[in-house]
Amino acid sequence: MQLGSSWNRRGFLGTAAALVASLVAPRKLHSRAKEATGSAKVSGFGETGNPYEELGVSTVINCQGTMTMLGGSILRPELEAVMAMAGRHFVSIPELEVAAGKRIAEMLKLPDGYSALVTSGAAAAMQSGLAGILTGDNENFIRQIPDLTGMKSEVIIQKSHRNPFDHQLRNTGIKLIEIETRDQLRQAVSDRTAMMHFSNFANAAGQIKVDEWIKLGKQYNVPCMNDAAADTPPVSHLWDYANMGYDLITISGGKAMRGPQCAGLLIGRKDLVAYALLNNSPHEDTLGRSQKVGKEEILGMVKALELYLREDHDALSREWQGRLDRISIELTKIPGVSTSFFIPDIANHVPHMQISWDSRIPLEPQQVSKMLRTSKPSIVMGGGEGRPGLAMCSFMLQPGEDKIVADQLSRILREHSA
């Protein structure tokens, strides 16, 4: 769909409805779809089975979790098959986005009047969601943003909720208004206020908590966005904040859901989700044109969500804890080494293990981390989230890697024991 002189909200929503309706008509797919699950013979680049090594880049054992810097997560074979099917056909991207959003809303049992949009990540969802609030379906506003002439221009945020990801909000041209107290929030609301933003992982840090923030937003008639990018598990966070009444919620697709790394979800009110799509690729002359999400990622996100909802999350948690237990047993055989376990309150809410040692091992945690990174195979393990020593989680480990981690770390600590 192109932006044109006759383009308006009624036209967009009418077309969107027609696009959704068209999906119920039976269609014949090309026989090429049957090839999707087959494995192609690779020659040249990739023929060794490890294209990373062919480029001189080392793969790593990931003890840090679903970090974007490390590539997010590992795709399930079933998901890869669906994405391969998607890559064998052409389709209207706006039509696909509307249909995928409808399916996602049904799977999550979102409140009436809510839908979803697959974006190129949670950060992209933040930018597109706010852009939609600012512009609505006004073609001129969509073209001129981040010039906010004629639009609202401020977003209220708690000071303790500021973080590097709010750059995505600032990309729209808005000014962030920092507040700390309820009274400051009341005074900050004005006719310039476009939105109130909440960083979910910072819930404990601010004076105004997640449930009260949306209540105040409703009181002041200001749309509220909740950035809950890394906040699954628990799986209920996929619908909790919509049920609280948040107008928009952003979720990362390439983390615990193990969807495509360059995919995320914008969940929210249907009108705001529609406006976000109008500010996003594939539409031209929009702020989000650079944040392209392909047909493969859109279908991949739907499939990833389906698979994630089917999982036995309690069993997975026990499996992750079991991996940590096995590593702990080996490490605590070393004099001076101790371990403990914790689960972050929010964001990466999975079993973690703290590893510490006394003066019998004269090494700083940063030194051990560097030794692990430069070992063969390379292991990435970071600091302890404010705790002494090193910390790790196991939910991105592949089968057998827990033994490799235990062996490598034990070897390093033993070799440097006094």
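This is a predicted model: local features need pLDDT of at least 70, side-chain atom pairs count only at pLDDT 80 or more; totals for chains, interfaces and linings use all residues.
Biologist: How many helices and strands in the protein chain?

Modeller: The protein chain has 15 helices and 13 strands, both being DSSP runs numbered from the N terminus (helices H or I, at least four residues; strands E, at least two).

Biologist: What angle do H3 and H12 pack at?

Modeller: Helix H3, residues 77-86, and helix H12, residues 295-310, pack at about 155 degrees with their axes 8 Å apart; axes are lines fitted to C-alpha atoms, for helices over the stretch in contact, and angles run from 0 to 180 degrees between N-to-C directions. The two helices are therefore roughly antiparallel to each other (under 35 degrees is roughly parallel, over 145 roughly antiparallel, 65 to 115 roughly perpendicular, and the rest oblique).

Biologist: Which H3 residues meet H12?

Modeller: Glu78, Leu79, Val82, Met83 and Ala86 of H3 do, and their partners in H12 include Leu299, Lys303 and Leu307, where contact means heavy atoms within 4.5 Å. By class, the contact of H3 with H12 has seven nonpolar, one polar and six charged residues (Ala, Val, Leu, Ile, Met, Phe, Trp, Tyr, Cys and Pro count as nonpolar, Asp, Glu, Lys and Arg as charged, and the others, Gly among them, as polar).

Biologist: And H14 against H15, what is the angle there?

Modeller: H14, residues 365-373, and H15, residues 401-415, pack at about 130 degrees with their axes 10 Å apart. That makes H14 oblique to H15. The residues of this contact divide into six nonpolar, one polar and no charged.

Biologist: Switching topic, which residues have the most contacts inside the largest nonpolar core?

Modeller: Trp213 and Tyr246 do, in a core of 53 residues; a nonpolar core is a set of buried Ala, Val, Leu, Ile, Met, Phe, Trp, Tyr and Cys residues joined through side-chain atoms within 4.5 Å, and buried means under 20% relative accessible area (exposed is over 50%, partly exposed in between; 1.4 Å probe, protein chains only). The largest share of this core, seven residues, comes from H12.

Biologist: What about the second core, how many residues?

Modeller: That separate core has 27 residues, including Met126, Leu148, Leu169 and Leu287.

Terms used: Residues are numbered from 1 along each chain as its sequence is written. Side-chain values use heavy atoms; hydrogens and water are left out.
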